[in-house]
Amino acid sequence: MVNSVVHKTDSNAMSGWLNGLLGVIIFSGSLPATRVAVLDMNPFFLTFLRASIAGLFAMMLIVGFKEKRPQLSHILPLVVVALGVVIGFPLLTALALQHVTSAHSIVFLGLLPLSTAIFGVLRGGERPKKAFWMFSVLGSVLVMGFALSQSVAVSLVGDLLMLAAVIVCGLGYAEGARLTRVLGGWQVISWALLISLPFMLTATVMTQPASFSHIGYSAWLALGYVSLFSMLIGFIFWYKGLAQGGIAAVGQLQLLQPFFGLGLSATLLHESVSSLMIVITAGVILCVIGSRKWGK
């Protein structure tokens, strides 16, 4: 009986890591796509429109599956999720990417696992061991060091906006993972999007440009990606992964996100991959493995 329980626990943890990895892969294109979109779109309009599109799809999911309404006690946490990942992170990063490049923003993605872990402790009641924090900090330092070696341009406004984005996103991730254990992964992000939808639709109309002729084809494609994948599909896997494998532990997979983005660029855009990137990626993978093995 005990072996059965242990096997089930290990199976859930592995499933959590696999779901989390799929979420990270999907999220890896978010900042580059946002960077492309804000070249032609106002960041406020982009944020409101992407959430409106995702919200309409979320409404179809909820109606199509005849999902029950969340309890009254779930409303406030869903609002926190919405403020963190539906409004806060997309808007703050869109504003920041007017001042910094997507490459420079990788510096702050290196802090996102730490932010998620801290809120996992504060909101999820998790208590990782000291070894976890050691590997988490080391992995973050590796990612930030690599990012800084690739981009030295600094913008105080852009950096402060990215820092704020990382904080609210970590809170949204932790709160959403906590709710997923009760409501389910796709339900959490769908209800958060639906709660935001009236405001987002109104704001989209209020911030829309007088003409759409200046918006290029690539910007529309980028909008499609951040609306469907970054705002909805990615969260279905991500929240499920965090809930199954642990918020702090699975959150460390975010350390790989910048390298997935660079690897995707190398594959699709035939950009070169430096030996430094390979070495740093190997180091980050070891940190993720270490945090999982010795940080429980």
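This text walks through a predicted model, from its overall make-up to single residues.

Local features are reported at pLDDT of at least 70 and side-chain atom pairs at pLDDT 80 or more, whereas totals for chains, interfaces and linings use all residues. Residues are numbered from 1 along each chain as its sequence is written, and side-chain values use heavy atoms, with hydrogens and water left out.

Start with the whole chain. The secondary structure comes to 13 helices and zero strands. Helices here are DSSP runs of H or I with at least four residues, strands are E runs of at least two, and both are numbered from the N terminus. Read along the sequence, the pattern is α-α-α-α-α-α-α-α-α-α-α-α-α. The protein chain has 296 residues, and 52% of them count as buried. Buried means under 20% relative accessible area, exposed means over 50%, and partly exposed lies in between, for a 1.4 Å probe and protein chains only. Now take contacts, defined as heavy atoms within 4.5 Å. Of those with a separation of 6 or more, 91% join residues 24 or more positions apart.

Next comes the interior. In soluble globular proteins, nonpolar side chains tend to be buried together. The largest nonpolar core in this model has 76 residues. Helix 4 (residues 72–96) supplies the largest share of this core, twelve residues. Such a core is a set of buried Ala, Val, Leu, Ile, Met, Phe, Trp, Tyr and Cys residues joined through side-chain atoms within 4.5 Å. Val86, Tyr173, Trp238 and Tyr239 have the most contacts inside the core. Leaving aside neighbours within four places in sequence, tyrosine 173 is in contact with Phe27, Val85, Leu112, Thr116, Phe235, Trp238, Tyr239, Leu242 and Gln254.

Two helix pairs deserve a look. Helix 4 and helix 10 (residues 217–245) pack at an angle of about 135°, with their axes 13 Å apart. Axes are lines fitted to C-alpha atoms, for helices over the stretch in contact, and angles run from 0 to 180 degrees between N-to-C directions. Helix 4 and helix 10 are therefore oblique to each other. The scale is simple: under 35 degrees is roughly parallel, over 145 roughly antiparallel, 65 to 115 roughly perpendicular, and the rest oblique. The crossing of helix 4 and helix 10 is right-handed. Val81, Val85, Val86 and Pro90 of helix 4 make the contact with Met231, Phe235 and Tyr239 of helix 10. These residues divide into seven nonpolar, no polar and no charged. In this count Ala, Val, Leu, Ile, Met, Phe, Trp, Tyr, Cys and Pro are nonpolar, Asp, Glu, Lys and Arg are charged, and the others, Gly among them, are polar.

The second pair is helix 2 (residues 30–38) with helix 3 (residues 43–64), packed at about 125° with axes 10 Å apart. Helix 2 and helix 3 are therefore oblique as well. Thr34, Ala37 and Val38 in helix 2 meet Pro43, Leu46 and Arg50 in helix 3. This contact divides into four nonpolar residues, one polar and one charged.

Stay with helix 3, where alanine 51 is found. Alanine 51 is buried, with a relative accessible area of 1%. Beyond four places in sequence, alanine 51 is in contact with Val86, Leu193 and Met200. Its C-alpha atom is separated by 8.5 Å from that of leucine 201, 150 residues apart along the chain. Lysine 66 sits in the loop between helix 3 and helix 4. At 74% relative accessibility, lysine 66 counts as exposed. Lysine 66 is not a glycine, yet its phi is positive, about 50°.

Helix 6 (residues 112–124) has several buried residues, including Leu112, Leu114 and Thr116. Glycine 125 follows helix 6, with a positive phi near 70°. Serine 136 lies in helix 7 (residues 130–150). Serine 136 is buried, at 0% relative accessible area. Apart from neighbours within four places in sequence, serine 136 is in contact with Leu114 and Gln252.

Finish in helix 8 (residues 156–183), the place of threonine 180. Threonine 180 is buried, at 8% relative accessible area. With neighbours within four places in sequence left aside, threonine 180 is in contact with Gly185, Val188, Tyr239, Lys240 and Ala243.

How values were computed
A crossing is left-handed if the near helix is turned anticlockwise from the far one by less than a right angle, and right-handed if clockwise.
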